[in-house]
Amino acid sequence: MKRILMWILALCVLASPSCGGGGARHSINRPELSTATPQAPAANPERNVLTAVMPPLAGLGAGSEFEFTLTAQLAQEVKQGSGRILYDATAAAPVAVEKGALIPGSFVFFSKLDASGVVPFAFTSLPGGRGIAIGSGELLRVRFRMLAAPPSGFRVRLQNDGAYLQLRNNQGGRLSFDLASEVRAQ
């Protein structure tokens, strides 16, 4: 029991710098967000790669919705991860977040939608549990609603800062990764 509490405390410590204040936590498992299925494992990928995917936003108006997706190609087993998704809170608002199919159902997943301008997230395996296996697929998906037409240069992005964006192995050590971004039609 003490070991489980230590793991949960470790997750809270890992996620707390990225939370940005109090408020409700939201993890929504909605079928309309669950269209992506995990991809077949890559044939021995050489490096861990995180890819932020979003649609082109030109032409969207107030009330329109779009999805920001974080995918991973993993060359090593991942036990924990965390990060922050940044956006302009005057132009858009997050309305739902979903754990991706790559993260096992036995993992603890945390995300917060009410921190203005940031959507923090964290995930971890429970003590004694397996990590995310080598392969590729979706880590999470966030649905945003436009509050106004997107201003010039508007984008949603991962905060590329080692204090927040992390992958960890079974021993708690940091795993290196490459970061990519992609714009693709939905």
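In which sense do strand S5 and S6 pair, and over how many bridges? Strand S5 (residues 108-111) and S6 are paired in the antiparallel sense, with four bridges between them; strands here are DSSP runs (E, at least two residues), numbered from the N terminus, and two strands pair if DSSP finds at least two bridges between them. The model is predicted, so that local features need pLDDT of at least 70 and side-chain atom pairs count only at pLDDT 80 or more, whereas totals for chains, interfaces and linings use all residues. Residues are numbered from 1 along each chain as its sequence is written, and side-chain values use heavy atoms, with hydrogens and water left out.

A separate description applies to the open sheet, which consists of five strands in the order S4-S7-S2-S1-S10 with mixed pairing. Strand S4 (92-99) and strand S10 (178-183) are its edge strands, each pairing on one side only. On average, neighbouring strands of this sheet are turned by 20 degrees against each other, direction ignored; the axes are lines fitted to C-alpha atoms, and angles run from 0 to 180 degrees between N-to-C directions. Strand S2 (residues 65-74) and strand S7 (residues 135-146) run antiparallel and are joined by ten bridges.

The largest nonpolar core has 36 residues, of which Ile85, Phe123, Ile132, Leu139, Phe144 and Val156 touch the most other members. Strand S1 (49-54), S2, S4, S6 and S7 are the elements that give two or more residues to this core. Such a core is a set of buried Ala, Val, Leu, Ile, Met, Phe, Trp, Tyr and Cys residues joined through side-chain atoms within 4.5 Å; buried means under 20% relative accessible area, exposed over 50%, and partly exposed in between (1.4 Å probe, protein chains only).

Four aromatic pairs are present in the structure. The rings of phenylalanine 66 and phenylalanine 144 are stacked, because their centres are 5.4 Å apart and their planes lie at 15 degrees. Rings of Phe, Tyr and Trp (its six-membered ring) pair if their centres lie within 6.5 Å, and planes under 30 degrees apart count as stacked, over 60 as edge-to-face and the rest as tilted. Since phenylalanine 66 belongs to strand S2 and phenylalanine 144 to strand S7, the pair ties together parts that are 78 residues apart in sequence. Phenylalanine 66 is buried at 1% relative accessibility, and phenylalanine 144 is buried at 0%. A tilted pair is formed by phenylalanine 107 and phenylalanine 123, with 6.4 Å centre to centre and 35 degrees between the planes. Phe66, Tyr87, Phe144 and Phe154 make up one aromatic cluster.

Two loop residues were also examined. Serine 125, in the loop between strand S6 (118-124) and S7, is buried with a relative accessible area of 2%. A polar atom of its side chain lies 3.4 Å from the backbone oxygen of glycine 129. Proline 151, in the loop between S7 and strand S8 (157-158), is partly exposed, with a relative accessible area of 36%. Leaving out residues up to four places away in sequence, proline 151 touches Asp88 and Ala91, where contact means heavy atoms within 4.5 Å.

Methods
A polar contact is a pair of N or O atoms within 3.5 Å; within protein, one must be able to donate a hydrogen and the other to accept it, and residues adjacent in sequence count only if both atoms are side-chain atoms.
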